[in-house]
Amino acid sequence: MSVESVFSRLEPHLLTVSKPIQYVGGELNSTVKEWDCAAGSDEGGPTVRWALMYPDAYEVGLPNQGVQILYEVLNERPWILAERTYAVWPDMEKVMRAEGIPQFTVDAHRPVAAFDLFGLSFSTELGYTNMLNALDLAGIPIHAADRTDEHPIVVAGGHAAFNPEPIADFVDAAVLGDGEEIVLAISEVVREWKAEGCPGGRVEVLRRLAASGGVYVPAFYDVTYGDDGAIAAVVPNHPDAPERVRKHTLMDLDAWPYPAKPLVPLAETVHERFSVEIFRGCTRGCRFCQAGMITRPVRERSIETIGNMVENGVRKSGFEEVGLLSLSSADHTEIGDVAKGLADRYEGSNVSLSLPSTRVDAFNITLANEFSRNGRRSGLTFAPEGGSERMRKVINKMVTEEDLIRTVATAYSHGWRQVKLYFMCGLPTETDEDVLQIAELAKKVIAKGREVSGRNDIRCTVSIGGFVPKPHTPFQWAAQLDAETTDSRLALLRETVRADKRFGRAIGFRYHDGKPGIIEGLLSRGDRRVGRIIEAVWRDGGRFDGWSEHFSYDRWVASAESGLEGTGIALDWYTTREREYDEILPWDHLDSGLDKDWLWGDWEDALAVADGSADIEVEDCRWTPCYDCGVCPEMGTEIQVGPTGKKLLPLSVV
């Protein structure tokens, strides 16, 4: 039985909303299958259908690599149908509610509620209200407990899924780690269950998923709280639910060269490029960085696979910029050969190469010249993170002031005019003086740039983000800095920069106030009680909370007060309070592979460095003996790095 497209009901209203093209679909390399695609395949049997969502607007969601990869991996199977959906803007939401048009996919405009599985990828917690809105627009009960066998299984993934407890009431399941293999395993379970006639309904299929050990089903766990408000215990309430759910780690990235058919957007998006992930994971050991911790170990793609992916992606998409992405791209063991090989291959064409922000100690001018050989010489971005050397030692970002000045001197002397420096405010043990050192560093950068270039048109942009403690990091126990202190420190820094007659005008200053960070902190380290706050914000009109123009701090604070009434805890209990070792954290039953004692030891090392009682540097374990973080033995994985000794040969025809 086919499912009717809602496009005929949607089309008459497209000219009444902003950017209607984002709802139309039909992008180059998109896939539309018959609803019962398995029946027409050699394999036969039931079709498994996924609706995939990045819970933000089309312009942010379409370039998301995670969703693009899963979309392609799933659709390669003849018995799986996967389509995409994105958050709709308030003007379209108004039309949909007035006309009874449900949340739809952009590929074939089918109702999301008709699919077997609804998968959401969260790279930030501020997308939670958009998830509730999509569920409601789809006609799917927002509470998992209220869903029947007619509703899709709602599955959360992405970095924020490493603590899915704040949305435990709303999702049926969550997956930790890499998604390529587990989405296929989930599809197999659902297919087998459907082939048997769906025995036991959704409870049975969730039981089968939980029994695999790789899918977390919140309903199969009971959480109790102590008189002090902290978690007393998290205990499985189902015999097939494991005590701890493990993350998934994809080994041999060369065997998964996706996206092979990159989606080309119809409307302008935040990233207009073809991106290739050149390696996954990071072992630099920055204590603040959740992405680096939860994606361990490092797994590199070979130079040949990178070259093939770039050539294929450019040919199939027409993009003129190629981004080589990872958490620290210049750390790839063959990055020099990759850069030279690609620059040679595309010299004289309209294809340019780009790297994301580069570690100061991984930058070299040869690499930079290769990446700018075929494109415009844009600004360079470096991320010292901490303003003072003491602060950088606390966070294990082992970059000295001399390293930074030497690096920018090299860049400015070779023709660059613009450098961007990224810092954080609110790091553990930070003082006003640590933040003011950001201004001093920026001034020294400008002075050195003028000296080596002999020019006065040297620019330095300082970009500052608020630090938010994240689960599965050494700083998961840290107190978050309150919004008022964050704002006062940033105001002091801004005035210090502006007051400088010699350098002030050459320094750009970008920052966000502290309030969104507090809410992100609530959501990132929250437990199941935070779900009622999210729901209250959504019911009060909360949407697109990651967008400053839509975010309302007052709404979140008011919802927290009402949502936590009677619990004995408040918003600051989740944010500005330091945790102790013995406290059960909401995510302790979710296994990222990192040993908790190792994380705690690293947290204690940070505090010892901060007060000067120790001088401890945790080096990159790719090049040193193992630090026993736990990931490799616990997950059955290993570091995969080159060099391979291969060279990337230019193609005969570009």
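**Aromatic pairs and helix packing in the predicted model**

Phenylalanine 122 and tyrosine 128 are both buried, a term that denotes a relative accessible area under 20%, with exposed meaning over 50% and partly exposed in between (1.4 Å probe, protein chains only). The structure is a predicted model, in which local features need pLDDT of at least 70 and side-chain atom pairs count only at pLDDT 80 or more, whereas totals for chains, interfaces and linings use all residues. Residues are numbered from 1 along each chain as its sequence is written, and side-chain values use heavy atoms, with hydrogens and water left out.

A search of the whole structure returns 15 aromatic pairs, where rings of Phe, Tyr and Trp (its six-membered ring) pair if their centres lie within 6.5 Å, and where planes under 30 degrees apart count as stacked, over 60 as edge-to-face and the rest as tilted. The pair of phenylalanine 122 and tyrosine 128 is edge-to-face, because the ring centres are 5.1 Å apart and the planes stand at 75°. Tryptophan 256 and tyrosine 258 form a tilted pair, with 6.2 Å from centre to centre and 55° between the planes; tryptophan 256 is buried at a relative accessible area of 15%, and tyrosine 258 counts as buried at 12%. A cluster linked by ring pairs contains Trp89, Phe544 and Trp547.

Charged side chains also sit over rings, a description applied if NZ of Lys or CZ of Arg is within 6 Å of the ring centre and within 35 degrees of the ring normal. The charged end of arginine 84 is placed over the ring of tyrosine 71, 5.0 Å from its centre, and lysine 596 lies over the face of tyrosine 581, at 5.9 Å from the ring centre.

Helices (H or I, at least four residues) and strands (E, at least two) are DSSP runs numbered from the N terminus; axes are lines fitted to C-alpha atoms, for helices over the stretch in contact, and angles run from 0 to 180 degrees between N-to-C directions. Helix α6 (residues 180–195) and helix α7 (residues 201–211) pack at an angle of about 140°, with their axes 10 Å apart, and are therefore oblique to each other. By contrast, α4 and α5 pack at about 25° with axes 11 Å apart, and are therefore roughly parallel; angles under 35 degrees count as roughly parallel, over 145 as roughly antiparallel, 65 to 115 as roughly perpendicular and the rest as oblique. Between α4 and α5, Glu93, Met96 and Arg97 in α4 meet Asn133, Asp136 and Leu137 in α5, contact meaning heavy atoms within 4.5 Å.

In helix α17 (residues 531–539), the buried residues are Gly531, Ile533, Ile534, Glu535, Val537 and Trp538, and these pack against α4 (90–99), α5 (128–138), α16 (515–524) and α18 (553–563).

Phenylalanine 104, in the loop between α4 and β3 (117–121), is buried with a relative accessible area of 3%. Its C-alpha atom is separated by 7.4 Å from that of alanine 138, 34 residues apart along the chain. With neighbours within four places in sequence left aside, the contacts of phenylalanine 104 include Tyr23, Arg84, Met96 and His109. Serine 354, found in strand β13 (residues 352–354), counts as buried at 15% relative accessibility, and its contacts, under the exclusion of neighbours within four places in sequence, include Arg273, Glu321 and Phe371.
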